[in-house]
Amino acid sequence: SMWFRNKLIENGFSVPVNITPIIPMMVGDSETAVRFSKLLLNEGIYIPAIRPPTVPDGTSRLRISIMADHSYGDLEFALDKLVCYGKELEIT
């Protein structure tokens, strides 16, 4: 997951430094986070949007969980879609 976390940062995403299996990718606006999550789900990628009241206003995020059965190809596909939609939604 460090590889994935580093790739997100290299591509301009805001990812807090932490050592947990869950990677929080900051989006900010709750509506944008929900839209981002739905775009990914349409591609077969489940990354839920976490938004108020679970987190403070303005700190909505996508919660990325990587599991042992995700292949390198799965991760590359997800990263590609995150980068693509991140640009489209003007997050990066």
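Mentor: Happy to, and let's begin at Gly 28. Apart from its neighbours within four places in sequence, Gly 28 is in contact with Gly 58, Thr 59 and Ser 60. Keep in mind as we go that this is a predicted model.

Trainee: Where does Gly 28 lie, and is it buried or exposed?
Mentor: Gly 28 lies in strand 1. Its relative accessible area is 17%, so it counts as buried, the cut-off being under 20%.

Trainee: And how many Å separate the C-alpha atoms of Gly 28 and Asp 57?
Mentor: The separation is 7.9 Å, for two residues that are 29 residues apart along the chain.

Trainee: How many residues of strand 1 are buried?
Mentor: 6 of its 7 residues are buried, so strand 1 is largely enclosed by the rest of the structure.

Trainee: OK, let's zoom out. What's the pattern along the sequence?
Mentor: Reading along the sequence you get α-β-α-β-β-α. That gives 3 helices and 3 strands in the protein chain.

Trainee: In what order do the strands sit in the sheet?
Mentor: The order is 1-3-2, in an open sheet with antiparallel pairing. The edge strands are strand 1 (22-28) and strand 2 (49-50), each of which pairs on one side only.

Trainee: Over how many bridges do strand 1 and strand 3 pair?
Mentor: Strand 1 pairs with strand 3, residues 60-65, over 6 bridges in the antiparallel sense. Met 26, for instance, has Arg 61 of strand 3 as its bridge partner. Met 25 stands opposite Leu 62, again in strand 3.

Trainee: And how many bridges join strand 2 to strand 3?
Mentor: There are 2 bridges, and these two strands run antiparallel as well. Ile 50 has Arg 61 in strand 3 as its bridge partner.

Trainee: Nice. Changing topic: which residues does the cis peptide bond join?
Mentor: It joins Pro 52 and Pro 53, with an omega of about 10°. Pro 53 has its place in the loop between strand 2 and strand 3.

Trainee: What about backbone angles, then? What is the phi of Glu 90?
Mentor: Glu 90 has a positive phi of about 60°, although it is not a glycine. As background, most residues other than glycine have a negative phi, and most peptide bonds are trans.

Trainee: Where is Glu 90 found, and is it buried or exposed?
Mentor: You'll find Glu 90 in the segment after helix 3 (72-88). It is exposed, with a relative accessible area of 71%.

Trainee: Staying with helix 3, is Lys 81 buried or exposed?
Mentor: Lys 81, which is found in helix 3, is buried, with a relative accessible area of 17%. Leaving aside neighbours within four places in sequence, Lys 81 is in contact with Leu 40, Glu 43 and Ile 45.

Trainee: And Thr 32, which helix is that in?
Mentor: Thr 32 sits in helix 2, residues 30-42. With a relative accessible area of 21%, Thr 32 is partly exposed. Beyond its neighbours within four places in sequence, Thr 32 is in contact with Val 27, Leu 89 and Ile 91.

Trainee: How far apart are Thr 32 and Gly 73 in space?
Mentor: They are 26 Å apart, C-alpha to C-alpha, and 41 residues apart in sequence.

Trainee: Last topic, the chain as a whole. What is its radius of gyration?
Mentor: The radius of gyration is 12 Å, which agrees with the value near 12 Å for a compact globule of 92 residues. The C-alpha atoms fill a box of roughly 35 × 30 × 20 Å along the principal axes.

Trainee: What share of the residues is buried?
Mentor: Buried residues make up 38% of the 92. The protein chain exposes about 5,500 Å², and carbon and sulfur atoms supply 53% of that area.

Trainee: And what about contacts and charges?
Mentor: Among contacts with a separation of 6 or more, 60% come from residues 24 or more positions apart. As for charges, there are 9 positive and 11 negative ones, and their mean positions are 4 Å apart.

Key
Residues are numbered from 1 along each chain as its sequence is written. This is a predicted model: local features need pLDDT of at least 70, side-chain atom pairs count only at pLDDT 80 or more; totals for chains, interfaces and linings use all residues. Side-chain values use heavy atoms; hydrogens and water are left out. Helices (H or I, at least four residues) and strands (E, at least two) are DSSP runs, numbered from the N terminus. The radius of gyration is taken over C-alpha atoms; the globule rule is 2.2 Å times the number of residues to the power 0.38. Buried means under 20% relative accessible area, exposed over 50%, partly exposed in between (1.4 Å probe, protein chains only). Contact means heavy atoms within 4.5 Å. Accessible areas come from the Shrake-Rupley method with a 1.4 Å probe; for residues, only the protein chains shown count as cover. Lys and Arg count as positive and Asp and Glu as negative; His and the chain ends are not counted. The place of a charge is taken as NZ of Lys, CZ of Arg, CG of Asp or CD of Glu. Two strands pair if DSSP finds at least two bridges between them.
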